[in-house]
Amino acid sequence: EKEVMLEEARFLMQRSQGELPPPPPGYGRDRRRRGRGGGGGDSLPWERSVHQMFDEDSGSLKRRMNLIRVPPMDRLIRRLSRMEYLPAIWFILSRKDCDLNAIKAGQAGALTSDADQELIEAEVEALHAEQPEAVREKLVPALIAGFASHHAGHLPGWKALVERLFQRNLCKVVFATGTLAAGINMPARTTIISALGRKTDDGVKLLPHNELLQMAGRAGRRGFDTQGHCVVLQNRFEGADEAYKIIRAGPEPLTSQFTASYGLVLNLLSVYTLAEARQFV
């Protein structure tokens with residue numbers, strides 16, 4: 001594990017920061033001959049540093065490497081656009097971060113054409129006339145650029161506007177909380193999951209398999225796409241290993257939350273006999 005992490009650290013740091021020199025000729029063969037110890041006198045300075053970090057706190061080294069792997073948001077969006085993977089729903093667990101990321105994405109550049117922007121502006125003006133209190137002024141520039149946020153902190157009028165624009169492919173990327181994964185008609189070609197961990201009373205825990213599957217399952221538009229795409233982002237704490245662990249664990253058993261209320265029982269008895277009503281409960 002140490003040798004694998006060392007090689008990966010060298011590659012990541014070279015690529016992202018340019019701080020590390022290329023390995024000398026025959027580096028891989030020399031390492032195999034020297035064995036795992038490697039010989040402290042033959043090690044490069046960066047190699048000795050990574051060895052020390054691994055020995056003192058391997059978790060810290062892994063988090064540092066994960067941080068280097070995190071893709072810049074604007075670069076990822078442009079790449080998805082070039083690959084024709086949009087429209088996309090970008091799941092973020094925080095309402096505040098949904099708004100902030102929509103604004104940030106809008107400032108990086110528009111994904112909408114001039115014609116698209118005119119249509120979006122017309123929809124916003126119509127909402128201004130009908131429900132001025134529902135308009136989120138800080139989010140309007142991002143919306144015109146093709147980016148929006150969608151969560152329970154917004155008034156229904158604004159959320160309905162975002163949903164309409166997304167369905168018409170005028171809004172290209174929607175940053176949303178996990179609640180959007182159920183019950184809302186916003187068909188997307190791609191879903192993006194920004195984090196696999198969630199804070200609980202017992203600390204940070206990985207998302208349940210069923211919840212991850214529900215978010216990923218939003219990808220793929222019926223009648224438009226033959227397949228959907230799900231992108232799980234690397235962050236400082238979670239990445240491919242954690243995603244594999246969740247998927248490998250398999251679905252959790254479903255537990256019914258149905259309860260028979262007094263009103264339900266009375267309604268059943270008004271239509272059915274007691275024996276028939278018992279079959280429903």
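Predicted model: local features only at pLDDT ≥ 70, side-chain atom pairs only at ≥ 80, totals over all residues.
1. Five strands make up an open sheet, and their order is β2-β3-β1-β4-β7, with parallel pairing. Strands β2 (147-150) and β7 lie at the edges, each pairing on one side only. From one strand to the next, the twist averages 20°. As background, the strands of a sheet pair through backbone hydrogen bonds, and the pairing is either parallel or antiparallel.

2. Pairing of β1 with β3. These two strands run parallel and are joined by four bridges.

3. Pairing of β4 with β7. Strand β4 (residues 190-193) pairs with β7 in the parallel sense, over four bridges. A residue to look for here is Thr 190, which stands opposite His 229 in β7.

4. The two faces of β7. Which side chains of strand β7 (residues 229-232) are buried? His 229 and Val 231 are, and they point to one face.

5. Helix α5 covers residues 95-108, and Asp 99 within it returns in point 7.

6. The aromatic pair. A search of the whole structure finds one aromatic pair. Its members are Trp 90 and Phe 175, with 5.3 Å from centre to centre and 35° between the planes, and the pair is tilted. It counts as tilted because stacked planes would be under 30 degrees apart and edge-to-face planes over 60. Trp 90 belongs to strand β1 (residues 88-91) and Phe 175 to strand β3 (residues 173-176), so the pair links distant parts of the chain, 85 residues apart. Are the two residues buried or exposed? Both Trp 90 and Phe 175 are buried.

7. Salt bridge of Arg 136 and Asp 99. The structure holds seven salt bridges. In one of them, Arg 136 is joined to Asp 99, and the closest N and O atoms are 3.9 Å apart. This pair links distant parts of the chain: Arg 136 is in the loop between α6 (114-130) and α7 (140-145), Asp 99 is in helix α5, and they are 37 residues apart. Arg 136 counts as partly exposed because its relative accessibility is 31%. Asp 99 has 14% relative accessibility and therefore counts as buried.

8. Salt bridge of Glu 123 and Arg 164. Here the closest N and O atoms are 3.3 Å apart. Glu 123 lies in helix α6 and Arg 164 in helix α8 (residues 156-167), so this pair ties together parts 41 residues apart in sequence. Glu 123 counts as buried, at 18% relative accessibility, while Arg 164, at 35%, counts as partly exposed.

9. Salt bridge of Lys 205 and Asp 202. The side chains of these residues meet in a salt bridge of 3.7 Å, N to O. Lys 205 has 43% relative accessibility and so counts as partly exposed. Asp 202 is exposed because its relative accessible area is 64%, and the cut-off for exposed is over 50%.

Notes
Residues numbered from 1 in each chain as written. Heavy atoms only, no water. Salt bridge = Lys/Arg side-chain N within 4 Å of Asp/Glu carboxyl O. Buried < 20%, exposed > 50% of the residue type's maximum accessible area, 1.4 Å probe, protein only. Phe/Tyr/Trp six-rings, centres within 6.5 Å; stacked < 30°, edge-to-face > 60°. Pairing = 2+ DSSP bridges. Axes fitted to C-alpha atoms, helices over the stretch in contact; angles between N-to-C directions.
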